[in-house]
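Below are my notes on this model, with attention to its aromatic side chains. Please read them alongside the coordinates.

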Amino acid sequence: GYIEIMGKTEMDNGSGAFNMKNLTQVFFEYYAAQGAFAERIICNPDYRPYFNRLWGITLQHNCGQFNPYSHLPQEEQNLVFTYLCAANNEMYCRWVLDGKKVPLQKVIAIASQLLERGLRAVPTPKTDTSFFSRLEPHSGHAGFSSPRTSASKTAEHFEHLYSYMGISFI
């Protein structure tokens with residue numbers, strides 16, 4: 001299925017960041033081919049906890065293959081992956097809810113560009129990693145002091161984040 005296809009997909013864009021065109025293309029093409037049941041699981045709020053669980057498993061797999069943000073503290077990774085996953089999933093749902101009037105390849109191009117441009121704000125080891133250290137946290141702390149954790153912990157933390165938001169994983 002999906003994880004098998006992702007295992008064969010080039011995730012690195014060559015500059016140490018995610019290849020959003022490839023990742024978005026696999027997601028949209030795979031789930032578009034699954035039909036109404038998959039659309040319901042992804043887009044219907046009543047089924048969203050099941051999809052979030054599946055997405056957590058997928059995220060864990062993908063980050064085990066390639067995580068350009070593993071150098072960031074886990075809490076910062078959580079923010080990056082929440083943005084990436086939520087934006088991707090919501091664009092898919094918007095496309096479905098609009099009756100899929102935009103051709104699939106055009107949706108993939110638009111979504112991947114939006115995601116890629118948004119992720120440019122996040123440093124990778126090959127880019128300027130001082131960006132986040134220049135941000136001033138609202139909590140009054142002098143900076144980010146969380147310990148860095150391995151990429152394999154990403155899905156666990158992502159799952160915890162969703163449970164904090166009231167979304168259960170089964």
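1. One aromatic cluster is formed by Tyr2, Phe27, Phe28, Tyr30, Tyr31, Phe51, Trp55, Tyr92 and Trp95. The model is predicted, and the structure as a whole holds 18 aromatic pairs.

2. Within the pair Tyr2 and Tyr31, the ring centres lie 5.2 Å apart and the planes meet at 40°. Planes under 30 degrees apart would count as stacked and those over 60 as edge-to-face, so this pair is tilted. Tyr2 belongs to helix 1 (residues 2-7) and Tyr31 to helix 2 (residues 20-34). The two are 29 residues apart, and the pair thus links distant parts of the chain. Both Tyr2 and Tyr31 are buried.

3. Tyr69 and Phe81 make an edge-to-face pair, because their planes stand at 70°, with ring centres 6.2 Å apart. Tyr69 sits in the loop between helix 4 (48-65) and helix 5 (74-97), while Phe81 is in helix 5. Twelve residues separate them, and this pair also links distant parts of the chain.

4. Are Tyr69 and Phe81 buried or exposed? Tyr69 has 1% relative accessibility and therefore counts as buried. Phe81, at 0%, counts as buried too.

5. On the overall fold, the protein has eight helices and zero strands. Along the sequence the pattern reads α-α-α-α-α-α-α-α. Of the contacts between residues at least 6 apart in sequence, 75% join residues at least 24 apart.

6. As for the surface, 41% of the 170 residues count as buried. The protein exposes about 9,500 Å², of which carbon and sulfur atoms supply 57%.

Definitions and conventions. Residues numbered from 1 in each chain as written. Predicted model: local features only at pLDDT ≥ 70, side-chain atom pairs only at ≥ 80, totals over all residues. Heavy atoms only, no water. Phe/Tyr/Trp six-rings, centres within 6.5 Å; stacked < 30°, edge-to-face > 60°. Helix = DSSP H or I, 4+ residues; strand = E, 2+ residues; numbered from the N terminus. Buried < 20%, exposed > 50% of the residue type's maximum accessible area, 1.4 Å probe, protein only. Contact = heavy atoms within 4.5 Å. Areas by Shrake-Rupley, 256 points an atom, 1.4 Å probe, with all protein chains shown as cover.
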